Number of protein chains: 2
Amino acid sequence: MTRPLLNALAGGLALALATAAQAADDPLPSWNDGDTKSAIIAFVESVTTDGSANYIEEDARIATFDNDGTLWVEQPMYTQLAFAFDRVKEMAAEHPEWKTTQPFQAVLEGDHKALAAAGQKGLLEIVAATHSGMSTEEFEKITSDWLATAKHPRFDKPYTQLVYQPMLELIDYLQDEDFKTFIVSGGGIEFMRPWTEEVYDIPPEQVVGSSIATEFKMVDGKPVLMRTDKIDFIDDKTGKPVGINSHIGRRPIMAFGNSDGDYEMLQYTTIGADGLRFGAFVHHTDGEREYAYDRDASFGKLDKGLDAAAQNGWVLIDMKNDWKTIFPD
Amino acid sequence: MTRPLLNALAGGLALALATAAQAADDPLPSWNDGDTKSAIIAFVESVTTDGSANYIEEDARIATFDNDGTLWVEQPMYTQLAFAFDRVKEMAAEHPEWKTTQPFQAVLEGDHKALAAAGQKGLLEIVAATHSGMSTEEFEKITSDWLATAKHPRFDKPYTQLVYQPMLELIDYLQDEDFKTFIVSGGGIEFMRPWTEEVYDIPPEQVVGSSIATEFKMVDGKPVLMRTDKIDFIDDKTGKPVGINSHIGRRPIMAFGNSDGDYEMLQYTTIGADGLRFGAFVHHTDGEREYAYDRDASFGKLDKGLDAAAQNGWVLIDMKNDWKTIFPD
């Protein structure tokens, strides 16, 4: 072997080893190198490096994540709504009156126009009718059973596989850096809790969401919480800071959302705080690999937030350009 | 030195070392040896020993503690009520009408009879008037300032020093055994959170309590949560399982209370569960070192629970006989 060839081989080997080491060190391998990834890592390093001017104690490292559209797919409709519609179909036999009563009739007939006309009030009626009247444990079973079999209409996969790989890495990275990670979602708290630990490594007590009122009862000598049809709390918009205060009791230092429903959570997290803070929207820019939507979306509308991002120093995560992959393999 | 003397010395040394080692191993040094202490340790060892038939995964090791009367003194009245009464006196100048309006007049005049006549409704009125109209951060400061200077009328010590040393050891022991410890109190969630981390090593997000509704607002360009005078949630009696489900999302495996307000929490924790469970009441039997009360108490009444304890296998912690010391030095 000639010396130049040997040198070249050694150089190549060194380069390969360095690249492998770098990859192993990269906490966010599914994120393309660029401003977004750099901003996240720079923030985390700044608040976690002992002696840094921006150092934040472990206890105060609270990060909150919206769920629909931030951690998993929310198109063509919220997963929980697909669940509610399937429940209407399943429960229809016990409710013959639904055949001629809106908004249930619209669900049974697949009448999107009538459903749209029923608006949010109609959707809440559907949720109330399909999510109540059972114990919390029965509801957990219903939810888990549905998620085990239901598939997304476009991707033909279980919904819990349609989570964003880059966000899973981000949660994992923050947990490694002693952050406590919370979900703060407009979705139902008891719709999420059965699976968030397995999918996101976020335990039930770190899930905040919308809820219906429950009632404690002894039934056949056993304690149960019955789910009533009364809405208890809507964890959306101004409700998000309220929910954060109620469940967490302190302000996050990082918050991630994707829609105007997360606007107040980002305000609450980032504005007027003493130390360094981080707010970001996942911007759905990738119609090919996922969906492209913002200002005009029926679900996950991002309009006000898009305008306010620059002014508030909020990062826009550009799904198409910032993410190498969308879903886990 | 003679050999017998040397032997005696060596034996004495060995005994002293063994005693010291035993003391160092004792997770509950302020508890007298006996059935209560043995029952606690036997339970914890049974659910945490790998391979035990009763083994429970770390994630599911949830322990809940009532606060007033279970972790700190609640006589001659709830600490939060002493706080509310002091607030009435402090705020009286801005409310001249209180001089002639019940139940405020009763507080200002120290009229216990009129106060008793005002009942729970009157107390809620006092709490609403004194705990609202400020931001959550302002309220935290008011609470912290008060706790830093207020003293208990009998013990002449700050209230946060009137916590039960044996219970502090118990919390610590459970945390060492990878339990997640929560406070589930009828007291105000935002009255407790400013100090529970320092005093109990329980962070704000693991405190469940009663609450008044908050409203998100931008004030002078800064996000705040304003405390309204609307009661949001009463975390007492049947409210405790509801609060546990809302904040924790799974059933505890251990629960500690001291009054009928904790009855349903103990039911929810211990009855009808698949595995081993543990419920206990702190029974106030020590009028000399603390207070003696149960069935006829105005605060912390334990009546129904006392009757149901044996039937449900709930442990009665006998303060007088089970605890070597009551308060930390």
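Guide: Before we start, one term: two residues are in contact if their C-beta atoms, placed from the backbone, lie within 7 Å. What you're looking at is a predicted model, where local features need pLDDT of at least 70, side-chain atom pairs count only at pLDDT 80 or more, and totals for chains, interfaces and linings use all residues. Residues are numbered from 1 along each chain as its sequence is written, while chains are lettered from A and ligands numbered from 1 in the order in which they are written.

Visitor: How many residues of chain B are in contact with chain A?
Guide: On the chain A side, 27 residues take part. The count for chain B is 27.

Visitor: Which element gives the most to the side of chain B that touches chain A?
Guide: Helices (H or I, at least four residues) and strands (E, at least two) are DSSP runs, numbered from the N terminus. Those giving two or more residues to this side are β3 (207-219), β4 (222-233), α9 (239-247) and α10 (263-270) of chain B. With 5 residues, the top giver is α9(B).

Visitor: And how many residues on that side of chain B are nonpolar?
Guide: Ala, Val, Leu, Ile, Met, Phe, Trp, Tyr, Cys and Pro count as nonpolar, Asp, Glu, Lys and Arg as charged, and the others, Gly among them, as polar. On the side of chain B that touches chain A, 10 residues are polar and 6 are charged. The nonpolar ones number 11.

Visitor: Let's turn to chain A. What percentage of its residues are buried?
Guide: Chain A has 12 helices and 8 strands, and its C-alpha atoms fill a box of roughly 85 × 45 × 45 Å along the principal axes. A residue is buried if 20 or more other C-beta atoms (placed from the backbone) lie within 10 Å of its own, exposed if 12 or fewer, and partly exposed in between. Out of 329 residues in chain A, the buried share is 41%.

Visitor: What distance does helix α3 of chain A reach from its first C-alpha to its last?
Guide: This helix covers residues 79-91, which is 13 residues. The expected span of a helix is 1.5 Å times one less than its number of residues. For α3(A) the reach is close to that expected value, at 18 Å.

Visitor: Which residues of α3(A) are buried?
Guide: Their cover includes α4 (104-109), α5 (112-131), α6 (136-149), β2 (180-188) and α8 (189-200) of chain A. The buried residues themselves are Thr79(A), Gln80(A), Phe83(A), Ala84(A) and Val88(A).

Visitor: At what angle do α3(A) and α5(A) pack?
Guide: Axes are lines fitted to C-alpha atoms, for helices over the stretch in contact, and angles run from 0 to 180 degrees between N-to-C directions. The axes of α3(A) and α5(A) are 9 Å apart, and the angle is about 60°.

Visitor: So why is α3(A) called oblique to α5(A)?
Guide: Angles under 35 degrees count as roughly parallel, over 145 as roughly antiparallel, 65 to 115 as roughly perpendicular and the rest as oblique. Because the angle is about 60°, α3(A) counts as oblique to α5(A).

Visitor: Which residues of α5(A) make the contact with α3(A)?
Guide: On the α3(A) side you'll find Leu81(A), Ala84(A), Arg87(A), Val88(A) and Met91(A). By class, the contact has 7 nonpolar, 1 polar and 1 charged residues. From α5(A) come Leu123(A), Ile126(A), Val127(A) and Thr130(A).

Visitor: Is the crossing of α6(A) and α8(A) left-handed or right-handed?
Guide: A crossing is left-handed if the near helix is turned anticlockwise from the far one by less than a right angle, and right-handed if clockwise. α6(A) and α8(A) pack at about 65°, with their axes 9 Å apart. Their crossing is right-handed.

Visitor: Which residues are in contact with Pro27(B), leaving aside its neighbours within four places in sequence?
Guide: Pro27(B) sits in the loop between α1 (3-25) and α2 (35-48) of chain B. Pro27(B) is partly exposed, since 16 other C-beta atoms lie within 10 Å. Its contacts beyond those neighbours are Glu169(B) and Tyr173(B).

Visitor: What kind of peptide bond runs from Gln75(A) to Pro76(A)?
Guide: Pro76(A) is in the loop between β1 (62-65) and α3 of chain A. With omega near 0°, the bond from Gln75(A) is cis.

Visitor: What is the phi of Lys237(A)?
Guide: Lys237(A) lies in the loop between β4 (222-233) and α9 (239-247) of chain A. Lys237(A) isn't a glycine, yet its phi is positive, at about 50°.
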